[in-house]
Amino acid sequence: MIPVQIRPDRAAKEMLEFNQKLGLGLKNLINIGEISIGATPTEVIYREDKLTLHRYQSPFGEPHNPVPVVVVYALVNRPYMADLQEDRSLVRGMLKAGQDVYLIDWGYPDRADQYLTMDDYINGYLDRSVDTIRRRHGIDKVNMLGICQGGTFSLCYSAIHAHKVKNLITMVTPVDFQTPGDLLSRWVQQIDVDLLVDTMGNVSGDLMNWMFLSLKPFRLMGQKYLDMVDLLDDEEQARNFLRMEKWIFDSPDQVGETFKQFVKGFYQENRLIKGEVQLGAHRVDLRNITMPVLNIYAREDHLVPPPASTALKRYVSTRDYSELDFPGGHIGIYVSGKSQKTVPPAIGEWLDAR
Amino acid sequence: MNDNPFTAWANQLLEYQRQYQDVWQTFASSANGARLGVEGLNNANPWIAALDQWWKAVSPSAAPSVQNFYSKLVEQGKAYFQVTDGLSRALQQATAAGESAMRWQEAVNNVLSSLRDMFAGQRTDVQGAARQAMGFWELPLNTWRRAVSSSILPGDFLQDVGASSIGQVRDQLHGRVDQLLSTPAIGYMREDQEKVQTLIRLNLDYQQALQDYVATYAEIGVKCVEVLQQNLQQRVAERKPIESLRELYGLWVDSCEQAYGDYVSTDKYVEIYGRLVNSLMALKRHGHMMLDEALNAVDIPTRREIRTLVHRMHEVRWEGKALRAEIEILKEQHQASLKEKQARPPAPAVNRPKRAAAKTKAMASKSAAKSKTEQNSRTKREQSTTKRF
């Protein structure tokens, strides 16, 4: 049998259709106008430097869980991924599940911020945000949900300030930074991070994008756009695609000092699981995490492979540890239709039960 | 936007379709088809020309944001046409000519070996058109170039040198520049001369790292063709022929990702990748240092000075934040202790006189004892003074 059996007329038809779609698609695209991001209205609760603490206003009435949950996003990319659009929103799903949701937006750092350390972020900004919520609600402890690098920050915070965290949820969070198959980790092993940060100050978002896109270049920089042409005749789908595209390339620069600490201490030296991370006066010991933990990971995550996340269970002391295995990728876990039906309700149920 | 470009273009599409079929059939029946070179990949595809023509006509009317995004789609469309058209025509030429299965295998091997040669840089004659034909193959490299384009120094001045000759060019360049750089620096401007020499050395190091990085892509390309071949064989084994261009494109992308994924996790790649980033950073840092010296000479604040200021400002601000936090804690503690005092129930009144009386008595006896001690010591001092004199 011959493996390629494309008839000339079929090939010509495919090319003709492709060109027609491209032509009609441009008409649609021109009419689409501005792409909106963020679906749920928020109230600004606290600001400090470039940080903003938002509280989401629930369209589903008063939350039934009296303990609010604070979402700690990564410094890489923007947190509106958690509330991209109405039908693709982790935040909205959690509000629907009766949770009171706060979110920390770290903002866009510039050169004036280049000496911010992880200590400043975790024991400074994050701690003051948590204190603000605690005071506001008159409670001792909050629920915390950390996403990706924000999950690692949440682990550090919960290990140091365990008395302020009632329940901890980590999503696609790296814990063991040197598991097999962790391509990102492999790539940074030979990089002189001191030299990089000394040269660049803050690390540009473009460089970060290049690294992330290079993980799967032919799919993420090629095939994806070709598939997009098929969606162009549907205005709503085109809008969704463009919204996602906007998020992907909306990459804040990374604060130099924190980037250095994170890449050296976590990726190159894997200090978190060794109990050797020092943040200011505090040493991060994951054994101090005794509160209930829900660890959510994505089975097809190419940025944080599942073993990098699931390692957590070996290092925490909590007796109430659960895992949620999502059949999808690093981004799909927030925005796919499947995740909307499973992830936020599971989080809500887990929190309500504690 | 005016609809005319769309209409005119749409009318031409059917004509392009007719031309395309003609080209395909001529190609398939060609006597030379048995030995297909990669040149064939990019020959006579009117669709690419049509796409270019259309985009030139309509892009000025689109908003810049739409233009940027749509350029990506158009580029990918062209890559899609080039890759699938070339591959599919080549891979099934034997079918069209009614060749045997064995002859078909030979034709496939010819096509793939031609592609391998191209990636390995052994066919400099096809560097231009055929490399473009594999369009999206260079995406990671192009993205790297864009990411580092903020450098004050030219990104990759050797990028247009063919992969096969790059080693030779580089060696010659290094040899000559090394001669220049080995000139001893002397005299009053000695230090400046040394800095320029270092800058040139660092630039050459970066160029070498970049070329090594580019060369890895040639190796990945070869692997990619091998994986494609395996995947095609698997299709034969599964009796699942590819019947559309999109399917063929998907298989090509899968093959590339598979080959790429295997290669970029090797120690060799990790070393080259690290060297690429490190050498660029070393070059940029040296450039910054030289720039700082120039700024200093004209009394403009340098990068280093500004960083020092930013660092000091950061320290002061965060000390201030820490102090404020401490004050807040002290305030809270103070308030708490005040509240505690206020909340404490008053002591029973009946005990007060007794306590007061006891306190007074104790104070009186303490005072008496104190005055007695003072009197004794005064007497002793007086006695002592008396003795001395």
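**Exercise 1. Two helices in chain B**

Which residues in α9(B) meet which residues in α10(B)? Work out how the two helices cross as well.

*Solution.* Keep in mind that this is a predicted model.

Step 1: find the helices. In chain B, α9 covers residues 190–238, and α10 covers residues 245–263.

Step 2: list the contacts. On the α9(B) side you'll find B:Glu219, B:Ile220, B:Lys223, B:Cys224, B:Val227, B:Leu228 and B:Asn231. They meet B:Leu251, B:Trp252, B:Asp254, B:Ser255, B:Cys256, B:Gln258, B:Ala259, B:Tyr260 and B:Tyr263 in α10(B).

Step 3: look at the axes. Those of α9(B) and α10(B) come within 8 Å and cross at roughly 130°. That angle makes α9(B) oblique to α10(B). The crossing is right-handed.

**Exercise 2. Chain B as a whole**

How many helices and strands does chain B have, and what share of its residues is buried?

*Solution.* Step 1: count the elements.

Step 1: check burial. Of the 389 residues in chain B, 28% are buried.

Step 2: see how far the contacts reach. Take the contacts in chain B between residues at least 6 apart in sequence: 78% of them join residues at least 24 apart.

**Exercise 3. The sheet in chain A**

What is the strand order of the eight-stranded sheet, and which strands stand at its edges?

*Solution.* Step 1: write down the order. The open sheet runs β1-β2-β6-β3-β7-β8-β11-β12 in chain A, and its pairing is mixed.

Step 1: pick out the edges. β1 and β12 of chain A each have a single partner strand, so one side of each lacks a neighbour in the sheet. From one strand to the next, the twist averages 20°.

Step 2: β1(A) and β2(A) are antiparallel over six bridges, with A:Tyr46 opposite A:Leu53 in β2(A). β2(A) and β6(A) are antiparallel too, over four bridges, and here A:Thr52 stands opposite A:Asp105. β7(A) and β8(A), by contrast, pair in the parallel sense over six bridges, and A:Gly146 stands opposite A:Thr170.

Step 3: α3 of chain A (residues 118–137) lies across β1, β2, β3, β6 and β7, at about 130° to β1(A). α14 of chain A (residues 337–352) lies across β3, β7, β8, β11 and β12, at about 170° to β12(A).

Step 4: In β8(A), six of the seven residues are buried.

**Exercise 4. The core**

Which residues touch the most other members of the largest nonpolar core?

*Solution.* Step 1: name them. In this core of 147 residues, they are A:Val70, A:Val71, A:Val72, A:Ala82 and A:Cys156. Helix α9 of chain B gives the most to the core, with 13 residues.

Step 1: zoom in on one. Beyond its neighbours within four places in sequence, A:Ala82 has contacts that include A:Val71, A:Leu90, A:Ile147 and A:Tyr334.

Conventions: Residues numbered from 1 in each chain as written. Chains lettered and ligands numbered in written order. Predicted model: local features only at pLDDT ≥ 70, side-chain atom pairs only at ≥ 80, totals over all residues. Core = buried A, V, L, I, M, F, W, Y, C linked by C-beta atoms within 7 Å. Buried ≥ 20, exposed ≤ 12 C-beta atoms within 10 Å, placed from the backbone. Contact = placed C-beta atoms within 7 Å. Pairing = 2+ DSSP bridges. Axes fitted to C-alpha atoms, helices over the stretch in contact; angles between N-to-C directions. Parallel < 35°, antiparallel > 145°, perpendicular 65-115°, else oblique. Left-handed = near helix turned anticlockwise from the far one by under 90°.
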